[in-house]
Amino acid sequence: MRGKAKMMTEGTSFVKGVMLGGMFCLVFTLFANTEIRGGSGLRSHEHHHLKAPNKEELLKLPEAKRLELSLTIRVLCLIMVTPKEIGYWASAVETWSKHCDKAVFYSPETIKIFESVSLATADKWIQTRKAFQHAYENYKDNYNWFFLVESTTFAIIENLKFFLLNKDPEQPFYVGHTVKSGDLEYVESSSGVVLSIEALERLYRILDDSAKCPEKGSLLWKMSQDKELAVCLKYTGVLADNAEDDEGKELFNSKNINTLVVEAMSKNPNEVVEGCCSDVAITFDGNSPNHMHVLMYGVYRLRPYGHTFNDALLFMPPVGSDND
Amino acid sequence: LEQGQHHGSTEEPGFHLPLHWQLHLRLSAHYCLEMAVRRSVISLLMFCCGLGLGFVICHLAINAINKEAPLHSHLLFNDPHGHLEDSHHHQPHQHLQGEMNFNADISQHKDENRSVADELYKKVRILCWVMTGPQNLATKAKHVKATWSKKCNVVLFMSSEEDKDFPTVGLGVKEGRDQLYWKTIKAFHYVYEHHLNDADWFMKADDDTFVVVDNLRWLLSKYSPDQPIFFGRKFKPYIKQGYMSGGAGYVLSKEALKRFVDAFKTGKCTHFTSTEDLAMGKCMETVDVEAGDSRDTNKKETFHPFPPEHHLSKSYLPKTFWYWNYCFYPAEEGPGCCSDLAVSFHYIDSKTMYYLEYMTYHLRPYGYKFRYNPDSPPK
């Protein structure tokens with residue numbers, strides 16, 4: 001009888017422990033969300049969305065003003081390549097990067113075949129830091145937008161400029177496709193990261209602060225470089241914005257068009273789904289070198305006769321290029 | 001968690017734990033004391049285990065609830081034909097199911113001016129007939145139907161058997177490569193008998209050909225349908241004036257169609273081979289139908305026997321490949337391969353149909369001034 005009684009007390013002890021632990025956890029979670037915010041309430045799960053300009057609004061501006069505006073947007077492209085990816089490098093040089101106001105290629109080490117800035121490191125976060133530092137030091141006076149991409153990304157700079165048209169570069173902008181990780185909202189590096197000159201300036205200054213923005217990363221474990229960037233920028237008051245068109249479609253895509261089409265259709269095999277992608281999309285990642293050439297043709301050349309657009313801006317084709 | 005578990009003494013200086021935490025700590029502390037008093041170590045252990053487990057379970061539960069809902073593609077409407085199945089075939093999941101409609105994005109095209117294209121739609125009427133078969137309806141023809149074929153003035157899907165639901169025309173032949181010319185002959189005869197006055201030009205395409213019908217209209221607008229002429233990607237072997245690649249698609253003028261049908265009545269043309277494109281070329285030569293030049297004003301090819309990647313990539317097609325010897329006009333690889341106003345590509349699988357639809361009609365560089373102007377005089 002005594003044994004049974006003992007088991008009973010053990011059992012109830014366990015159950016009491018479980019209940020108490022559960023309650024502890026609930027309370028802790030609730031408090032954690034409010035305490036860290038400084039008690040300002042639960043606003044941690046709001047996304048920041050940034051839309052493309054409204055074309056009707058744009059057309060209201062006089063033509064001279066619109067032309068002036070389109071010329072004031074100067075984009076510097078920072079393209080990260082590696083020695084193993086010569087094919088990707090070549091296709092970026094031969095295709096979309098010709099439409100950047102300036103394209104600078106960054107690589108982990110010096111390579112003879114193509115012109116690039118050697119970052120002398122294989123660590124992706126240090127590469128990102130050094131690339132942005134180099135861009136700021138060398139190009140801060142002539143460019144007001146800085147666009148960091150991977151070698152597998154195809155970008156349409158005209159659509160990027162259209163998107164940036166009504167955003168003041170003297171304001172801190174950090175734009176791309178955003179992802180939430182806990183309380184941190186960061187721009188995914190694979191689909192491209194855009195910084196205004198103001199954001200880049202703030203980043204440049206905080207990169208020197210080894211307490212807030214250390215080279216080895218801000219946590220005990222390794223975070224990806226896109227998260228590290230977001231943490232550093234957050235210290236300077238710069239938050240990430242997700243770029244969308246006026247229908248809410250993503251402008252920065254971490255997958256290529258084929259993948260997006262197949263995914264959208266596979267999820268709903270018995271339905272007719274809406275077109276996956278924006279007409280003024282800016283990036284698609286995950287492209288092979290050959291695909292870059294197909295995209296170049298598809299974007300800048302292939303079109304149906306008899307369809308014209310009344311666009312508010314005018315971008316001329318680059319000099320000395322034959323595939324656009 | 002803050003360090004220092006103080007037993008709820010209100011005279012404590014320095015920091016105060018939030019009230020809830022104090023309460024829980026107190027409860028745990030009391031319980032620990034109880035256990036210690038009873039000297040039951042096992043109970044204490046069980047309690048602690050329970051505490052840990054409760055915490056973990058709760059934490060997992062909260063995380064699961066907080067997980068973002070997965071992105072849903074925006075659904076438009078149910079396919080009116082219900083569940084299309086590959087009923088005769090194994091592995092239905094390998095094929096692309098469903099459909100995608102890019103044309104629902106009307107707001108993205110509010111600033112699009114289609115007046116020239118709409119004019120041509122009325123002036124240059126095109127009947128497209130698509131060579132398909134019962135086994136390809138759900139896997140290939142369906143995606144042709146969902147994309148480019150909508151832009152033809154009339155579209156017909158030609159199969160060996162009639163299918164009232166799709167719908168397809170039943171030609172009364174068997175399926176198979178050796179039946180291709182029979183199918184072509186019967187298809188053109190069917191079109192002649194039922195739709196001669198519905199169109200001016202008659203285009204044959206495969207269920208893996210992608211056609212930009214607007215560009216076909218532009219090409220044909222410079223000719224009269226009463227001219228005996230046909231267009232496509234011209235190949236030079238066997239026929240002096242050349243013949244048109246079957247896969248890249250070819251288009252007959254109304255006069256050419258009349259002469260084709262007439263020739264079978266009189267026996268001038270017969271089914272002498274199953275090599276459809278060659279046979280068609282031979283017949284066209286026999287009835288004095290001209291093999292037209294379908295290149296654009298810069299002499300760039302518009303009909304393409306392969307997908308874009310094959311033509312645009314340097315060194316994709318080896319120099320020893322038959323293609324280079326077959327092309328009537330000197331063919332190029334790389335950007336010079338293809339006109340901006342391309343008319344067709346061949347060997348296009350179902351997902352690439354949507355890709356090309358998006359690339360041609362939707363994705364564009366905002367404000368960009370295209371280099372090639374089709375309306376300016378040739379260089």
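This is a predicted model: local features need pLDDT of at least 70, side-chain atom pairs count only at pLDDT 80 or more; totals for chains, interfaces and linings use all residues.
Local features need pLDDT of at least 70, side-chain atom pairs count only at pLDDT 80 or more, and totals for chains, interfaces and linings use all residues. Residues are numbered from 1 along each chain as its sequence is written.

Me: What makes the pair Arg301(A) and Asp340(B) a salt bridge?
Reply: The rule asks for a side-chain nitrogen of Lys or Arg within 4 Å of a carboxyl oxygen of Asp or Glu. The closest N and O atoms of Arg301(A) and Asp340(B) are 2.7 Å apart, so the pair qualifies. Across the interface of chain B and chain A the rule finds 4 salt bridges.

Me: How many residues does each chain bring to the contact?
Reply: With contact meaning heavy atoms within 4.5 Å, chain B brings 93 residues and chain A 83 residues.

Me: Which helix of chain B gives the most to the side that touches chain A?
Reply: Helix α2 (residues 41-66) of chain B does, with 13 residues. Helices here are DSSP runs (H or I, at least four residues), and strands are runs of E, at least two.

Me: Why are strand β15 of chain A and strand β3 of chain B called paired?
Reply: Pairing requires that DSSP finds at least two bridges between two strands. Strand β15 (residues 308-309) of chain A and strand β3 (residues 112-113) of chain B are joined by 2 bridges, so they meet the requirement. The two strands run antiparallel, and Phe309(A) stands opposite Glu112(B).

Notes. Chains are lettered from A and ligands numbered from 1 in the order in which they are written. Side-chain values use heavy atoms; hydrogens and water are left out.
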